[in-house]
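User: Could you walk me through this fold? I would like to begin with the sheet and then move on to the packing.

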Amino acid sequence: MHQFFVEDNQIGKEYVTITGSDVNHIKNVLRMHPGEKIRVSSASGEDFFCEIAELTDAFVQADILNEEVPKTELSAKIYLFQALPKDDRMEYVIQKAVELGVYEIIPVQMQYCVVKLDEKREEKKIRRWQAVSESAAKQSKRSIIPKIRPVLSFSDALAIANTCDVRLVPYENERGMAATVKALKKIKPGQSVSILIGPEGGFSEEEIAQARETMEAVSLGRRILRTDTAAISAMSAVMLALESREDEN
């Protein structure tokens, strides 16, 4: 079943109205017809199963069905602070983190980052990364499209990360998984969680020292992971901890 996102004012009592580029996608790419079912999520995170009733060149109208929609969002908001990786690895991180339930992704410029973005390149990258997030959200049947924030300096990123209830920094020199398991058990439904991922070259001594002052350093295993692998491993661990706990209750 295909997924689409609309603004709150496009949701009526009995039907939703889809406009914009999704109209062409539904009509001419997916070649859908009246009677076919779709999943629709609003900007505020409400989910609906709908049945296409009318297709025009300007809009698609779909009737809201009286069916319960399974919830796909994590019970905690996960903020991923990702050091800028080289090549197209940021797109991979965004795609997989969205599939795993991330709430927001904040790119961070750190001392050992290979990539340096000027203002013009950053704006172009953010637009591209947001499109990747939207595509992944549709594919994984998310109720929201995770926001990709502008690139922050390390100090600004740390200040925002420190506002979260649980603050984790995976670090390659941290040893032992007991502390990681303990940290994951601290995460409760409704909380906010920040995960700070270092670059290919690792955190500088100054950066990890600052992070340790307010964040909990955890291990992701005995092997050295690439920055994109570390991000996905950390997201997977948090997702597993949250959803396993929900299944137990």
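Predicted model: local features only at pLDDT ≥ 70, side-chain atom pairs only at ≥ 80, totals over all residues.

User: What is the strand order in the open sheet of five strands?

Analyst: The order is β1-β3-β4-β5-β2, and the pairing is mixed. From one strand to the next, the twist averages 40°.

User: Which strands stand at the edges?

Analyst: The edge strands are β1 (2-6) and β2 (15-18). Each has a single partner strand, so one side of each has no neighbour in the sheet.

User: And how do β3 and β4 pair, parallel or antiparallel?

Analyst: Strand β3 (residues 37-42) and strand β4 (residues 47-55) are antiparallel, with five bridges between them. Within this pairing, S41 has D47 of β4 as its bridge partner.

User: Which strands does helix α1 lie across?

Analyst: Helix α1 (residues 21-29) lies across β1, β2, β4 and β5, and runs at about 160° to β1.

User: Changing topic: where is V69?

Analyst: V69 is in the loop that links β5 (60-64) to β6 (77-83).

User: Is V69 buried or exposed?

Analyst: V69 counts as buried because its relative accessible area is 9%, and the cut-off for buried is under 20%.

User: What is V69 in contact with, leaving aside its neighbours within four places in sequence?

Analyst: V69 is in contact with R39, D47, F48 and F49. D47 is also the bridge partner of S41.

User: Now the helices. How do α2 and α3 cross?

Analyst: The axes of α2 (residues 89-100) and α3 (residues 119-139) come within 8 Å and cross at roughly 30°. The crossing is right-handed.

User: Which residues meet there?

Analyst: From α2, the residues are M90, E91, I94, Q95, V98 and E99; from α3, they are R128, W129, V132, S133, A136, A137 and Q139. Seven residues of this contact are nonpolar, three polar and three charged.

User: How many residues are in the largest nonpolar core?

Analyst: That core has 61 residues, and those with the most contacts inside it are I78, L80, I195 and L196. Helix α7 (residues 227-248) gives the largest share, eight residues. Another core, of 15 residues, lies apart from it and includes F4, V23, V40 and V60.

User: What does L196 touch?

Analyst: Not counting residues up to four places away in sequence, L196 touches F81, M110, F154, L158, L168, V169, P170, F203, A211 and M215.

Definitions and conventions
Residues numbered from 1 in each chain as written. Heavy atoms only, no water. Helix = DSSP H or I, 4+ residues; strand = E, 2+ residues; numbered from the N terminus. Buried < 20%, exposed > 50% of the residue type's maximum accessible area, 1.4 Å probe, protein only. Contact = heavy atoms within 4.5 Å. Axes fitted to C-alpha atoms, helices over the stretch in contact; angles between N-to-C directions. Left-handed = near helix turned anticlockwise from the far one by under 90°. Nonpolar A, V, L, I, M, F, W, Y, C, P; charged D, E, K, R; others polar. Core = buried A, V, L, I, M, F, W, Y, C linked by side-chain atoms within 4.5 Å. Pairing = 2+ DSSP bridges.
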